[in-house]
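Please read them with the coordinates open.

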Amino acid sequence: MAKPKTIHVYDAECNIQVRKAVLDTSQVKQTLSCTNDECVDDLIASSIVGAGSVIVAGSIVMVSNVVYWIEREQECQAVN
């Protein structure tokens, strides 16, 4: 499942630390040797939930990075 994660990165242009949002994708181990229909159904459901998770988390990352970019611009102007 994908989760948004905030990291700190050095911005050499402004000589400041800035925040950046990234996707943290941790893999969930799944058994690929399905022996019945129930197992196949579980794998399909997990795939659908996983895809939805990436879409939601990716949207959060995009919005967060816009906010962090605005913060960076303000801090950069304050330093210069």
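1. Disulfide count. A disulfide here is a pair of cysteine sulfur atoms within 2.5 Å. By this rule there is one disulfide. C14 and C76 form it, with their sulfur atoms 1.8 Å apart. The torsion about the S-S bond of C14 and C76 is about -85°, so the disulfide is left-handed. In general terms, a disulfide is a covalent bond between the sulfur atoms of two cysteines.

2. Ground rules. This is a predicted model, in which local features need pLDDT of at least 70 and side-chain atom pairs count only at pLDDT 80 or more, while totals for chains, interfaces and linings use all residues. Residues are numbered from 1 along each chain as its sequence is written, and side-chain values use heavy atoms, with hydrogens and water left out.

3. Fold outline. Helices (H or I, at least four residues) and strands (E, at least two) are DSSP runs, numbered from the N terminus. The chain has one helix and two strands. From the N terminus on, the order is β-β-α.

4. Buried means under 20% relative accessible area, exposed over 50%, and partly exposed in between (1.4 Å probe, protein chains only). Is C14 buried or exposed? C14 counts as buried, at 2% relative accessibility. C76 is buried too, with a relative accessible area of 9%.

5. Salt bridges, and the one at D11. A salt bridge is a side-chain nitrogen of Lys or Arg within 4 Å of a carboxyl oxygen of Asp or Glu. The structure holds four of them. One is between D11 and R72, whose closest N and O atoms are 2.4 Å apart. D11 lies in strand β1 and R72 in helix α1, so the pair ties together parts that are 61 residues apart in sequence. Both D11 and R72 are buried. For R72 the relative accessible area is 14%.

6. A further partner for R72. The side chains of E13 and R72 also meet in a salt bridge, at 3.7 Å from N to O. E13 is in the loop between β1 and β2, and R72 is in helix α1, 59 residues apart.

7. The E71 and R19 pair. E71 and R19 form a salt bridge between their side chains (2.8 Å, N to O). This pair again links distant parts of the chain: E71 is in helix α1 and R19 in strand β2, 52 residues apart. E71 counts as partly exposed, at 27% relative accessibility. R19 is partly exposed, with a relative accessible area of 35%.

8. The segment after the helix. N80 lies in the segment after α1. N80 counts as exposed, at 70% relative accessibility. The C-alpha atoms of N80 and C14 are separated by 7.6 Å, and these residues are 66 apart along the chain.

9. A surface patch. Patches are made of residues with over 30% relative accessible area and no salt bridge; like charges are joined within 9 Å, and nonpolar side chains (Val, Leu, Ile, Met, Phe, Trp, Tyr) within 5 Å. V40, I44 and I48 form a nonpolar patch on the surface. Together they have about 280 Å² of accessible area. Accessible areas come from the Shrake-Rupley method with a 1.4 Å probe, and for residues only the protein chains shown count as cover. V40 is in helix α1. V40 is partly exposed, with a relative accessible area of 38%.

10. Contact means heavy atoms within 4.5 Å. S53 is in helix α1. S53 counts as buried, at 12% relative accessibility. Leaving aside neighbours within four places in sequence, S53 is in contact with M1 and A2.

11. Totals. Buried residues make up 18% of the 80 residues in the chain. Among contacts between residues at least 6 apart in sequence, 50% join residues at least 24 apart. The accessible surface of the chain comes to about 6,100 Å², of which 59% belongs to carbon and sulfur atoms.
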